[in-house]
Amino acid sequence: KQNLKQYLSQYRMMTDAVNIKNGFIVNIGLDFRITTTPGFNGNEVLVKCIAALQQRLGIDNMQFNQPIVEKELYLILSAVEGVQNVMDIDMFNLFKTEDGYSGNVYPIPAATRDGIIYPSTDPSIFELKYPDKDIRGQVVTY
């Protein structure tokens, strides 16, 4: 923040003020269940689904105060070859600092309106801290 303040001071006018706030990191996890199209290997489809979600929810694709649209996640999974149906998606907050998370507790169910998960009014960002373990999928068979 000090470096940014120093840099911006060269370009601001005397009457300008710049407030730099700390952002809050909300660590998230995701569970989903799918059914696969007959003839496809369930494990291979599951790996592709996890990779697609990792790409979409990766920190490079997220911005401060950006909501997460659940319908978009359903569409991403549905577009993976071999997925017949997306049964459900459950997003949850991961906050235990001893596990390496930020410690910020966020009530995702209370922050969800009409299938959109909204961030808090303070500057915050949803982060998938450990993509390989924070997304868990399951193939459901009948």
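Is Tyr7 buried, partly exposed or exposed, and at what relative accessibility? Tyr7 counts as partly exposed, at 46% relative accessibility. Buried means under 20% relative accessible area, exposed over 50%, and partly exposed in between (1.4 Å probe, protein chains only).

This is a predicted model: local features need pLDDT of at least 70, side-chain atom pairs count only at pLDDT 80 or more, and totals for chains, interfaces and linings use all residues. Residues are numbered from 1 along each chain as its sequence is written, and side-chain values use heavy atoms, with hydrogens and water left out.

**Surface patch**

Tyr7 sits in helix H1 (residues 2-9). Helices (H or I, at least four residues) and strands (E, at least two) are DSSP runs, numbered from the N terminus. Leu4, Tyr7 and Tyr11 make a nonpolar surface patch of about 360 Å². Patch residues have over 30% relative accessible area and no salt bridge; like charges are joined within 9 Å, nonpolar side chains (Val, Leu, Ile, Met, Phe, Trp, Tyr) within 5 Å. Accessible areas come from the Shrake-Rupley method with a 1.4 Å probe; for residues, only the protein chains shown count as cover.

**Core**

The largest nonpolar core has 29 residues, of which Phe32, Ile68 and Leu73 touch the most other members. Such a core is a set of buried Ala, Val, Leu, Ile, Met, Phe, Trp, Tyr and Cys residues joined through side-chain atoms within 4.5 Å. At least two residues each come from strand E1 (24-36), helix H2 (42-57), H3, strand E3 (83-93) and strand E6 (124-127). H2 gives the most, with six residues. In soluble globular proteins, nonpolar side chains tend to be buried together.

Beyond its neighbours within four places in sequence, Leu73 is in contact with Leu30, Leu53, Arg56, Leu57, Ile68, Ile89 and Met91. Contact means heavy atoms within 4.5 Å. Tyr74 lies in helix H3 (residues 70-78). Tyr74 is partly exposed, with a relative accessible area of 26%.

**Sheet**

Three strands form an open sheet in the order E2-E5-E4, with antiparallel pairing. Strand E2 (68-69) and strand E4 (112-113) are the edges, each pairing on one side only. Two strands pair if DSSP finds at least two bridges between them. E2 and strand E5 (residues 116-117) run antiparallel, joined by two bridges. Val69 stands opposite Ile116 in E5.

**Salt bridges**

The whole structure holds three salt bridges. Each is a side-chain nitrogen of Lys or Arg within 4 Å of a carboxyl oxygen of Asp or Glu.

| Pair | N to O distance |
|---|---|
| Asp31 and Arg136 | 2.7 Å |
| Arg33 and Asp88 | 3.3 Å |
| Arg56 and Glu72 | 2.6 Å |

Asp31 lies in strand E1 and Arg136 in strand E7 (residues 135-139), so this pair ties together parts that are 105 residues apart in sequence. Arg33 lies in strand E1 and Asp88 in strand E3, so their bridge ties together parts that are 55 residues apart in sequence. Arg56 lies in helix H2 and Glu72 in helix H3, so that pair ties together parts that are 16 residues apart in sequence.

Arg56 is buried at 13%, whereas Glu72 is partly exposed at 30%. Not counting residues up to four places away in sequence, Arg56 touches Asn61, Met62, Gln66, Glu72, Leu73 and Ile76.
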